[in-house]
Amino acid sequence: MSPGQDALLGPGDIRDLATALGVRPTKQRGQNFVIDANTVRRIIRTADVRPDDVVVEVGPGLGSLTLGLLETADRVVAVEIDDILAAALPATVEARLPARAAHFALVHADALRVTELPGPPPTALVANLPYNVAVPVLLHMLERFPTIERTLVMVQAEVADRLAAAPGSKVYGVPSVKANWYAEVKRAGAIGRNVFWPAPNVDSGLVSLVRRAEPPATKARREQVFAVVDAAFAQRRKTLRAALSGWAGSAAAAEAALVAAGISPQARGESLTVEEFAAIAEHAPAR
């Protein structure tokens, strides 16, 4: 099949493939397959995929997005946990884009356990992430593969809101701060339910992440900063003096660290930037 519109999968193609493989999408793995070629093109456009990109895709499923990425990028590496889907995807690529098959690699693994990828380092991450593991997978990939410059993920709308939230927002929390450690994060569009099979019970959203040239300037290690973030939001209604008392060893020690960092002990985690969390981590009491 020649590259172009016909190479992408339509609703009939998706159902035929699923039937042939005996695949029934499972809620356990958050599987909702994209069946609309125009949505695939829109994702690739929004992701700013370039001809020299090495794109890593997590959860390729039956290959809707994979084929579109292969038409545009130099190379695509897909990470798939499902045995049946992982076994079938290379054949789908070979059948629909034979001229590009040599530019495709499959990693049959749990994305949360992937520590290396075959071939050149990835420059972009583009994925329709399974709803139930979207944030852990995203953060793992950003941490593990620092060469990823641009990311576009499709996630549940509520998760998209959290990832892109700014300090002071009601949905600002752990995902917002940790994603912002790595990248400038913004909402990049909404996706309706009818472009998926099966149609999910929730709307989806696109989130764009452009990696920072440098992480926030701090003497603290990322793990130390993230420990403060986790503690601050574990009891998000409490003041930081109270919420960080376990982390610091006591409320008094938490207050001392906050004052040293120039932050009010009466503030709450939802008002702090990632740089302010880093400042607190720098003044962690000796334990």
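Mentor: Helices, of at least four residues, and strands, of at least two, are DSSP runs numbered from the N terminus. Keep in mind that the model above is predicted. Ask away!

Trainee: Where is the place of aspartate 48?

Mentor: Aspartate 48 has a positive phi of about 55°, although it is not a glycine. To place this residue, look for the elements on either side of it in the chain. They are helix H2 (37–46) and strand E2 (54–58), and aspartate 48 sits in the loop between H2 and E2.

Trainee: How far apart in space are arginine 45 and alanine 165?

Mentor: Start with arginine 45, which belongs to helix H2 and is exposed, with a relative accessible area of 61%. Along the sequence, arginine 45 and alanine 165 are 120 residues apart. In space, C-alpha to C-alpha, the distance is 23 Å.

Trainee: Within what arc do the buried residues of H6 fall, seen down its axis?

Mentor: First list them: in H6, Ala157, Val159, Ala160 and Leu163 are buried. Looking down the axis shows that these residues line one face of the helix, because they fall within an arc of 160°.

Trainee: Which elements do the buried residues of H6 pack against?

Mentor: Sort the partners into helices and strands. The helices are H5 (134–144) and H7. The strands are E6 (150–156), E7 (183–191) and E9.

Trainee: Which residues is glycine 168 in contact with, leaving aside its neighbours within four places in sequence?

Mentor: Glycine 168 is in the loop between helix H6 (157–164) and H7. With a relative accessible area of 55%, glycine 168 is exposed. Beyond its sequence neighbours, its contacts are Glu270 and Ser271.

Trainee: How far apart in space are glycine 168 and threonine 123?

Mentor: In sequence, the two residues are separated by 45 places. In space, going from C-alpha to C-alpha, the separation is 32 Å.

Trainee: Is serine 208 buried or exposed?

Mentor: Serine 208 is part of strand E9 (residues 204–211). Among the residues it touches are Thr151, Leu152 and Glu184. Its relative accessible area is 12%, so serine 208 is buried.

Trainee: What relative accessibility does glutamate 184 have?

Mentor: Glutamate 184 lies in strand E7, and apart from residues up to four places away in sequence it touches Ser208, Leu209, Val210 and Arg212. Glutamate 184 counts as partly exposed, because its relative accessibility is 48%.

Trainee: What is omega for the peptide bond that joins tryptophan 197 and proline 198?

Mentor: Find proline 198 in the loop between strand E8 (196–197) and E9. The bond joining tryptophan 197 to proline 198 is cis, with omega at about -10°.

Trainee: Which residues of H12 are buried, and what arc do they cover around the axis?

Mentor: In helix H12 (residues 274–282), the buried ones are Val274, Phe277, Ala278, Ile280 and Ala281. They are on the same side of H12 because they cover an arc of only 160°.

Trainee: At what angle do H8 and H12 pack?

Mentor: Helices H7 (174–182), H8 (222–234), H10 (245–248) and H11 (251–260) are what the buried residues of H12 pack against. For the pair H8 and H12, the axes are 8 Å apart and the angle is about 105°. That angle makes H8, relative to H12, roughly perpendicular. So the value you asked for is about 105°.

Technical notes. Residues numbered from 1 in each chain as written. Predicted model: local features only at pLDDT ≥ 70, side-chain atom pairs only at ≥ 80, totals over all residues. Heavy atoms only, no water. Buried < 20%, exposed > 50% of the residue type's maximum accessible area, 1.4 Å probe, protein only. Arc of directions from axis to C-beta. Contact = heavy atoms within 4.5 Å. Axes fitted to C-alpha atoms, helices over the stretch in contact; angles between N-to-C directions. Parallel < 35°, antiparallel > 145°, perpendicular 65-115°, else oblique.
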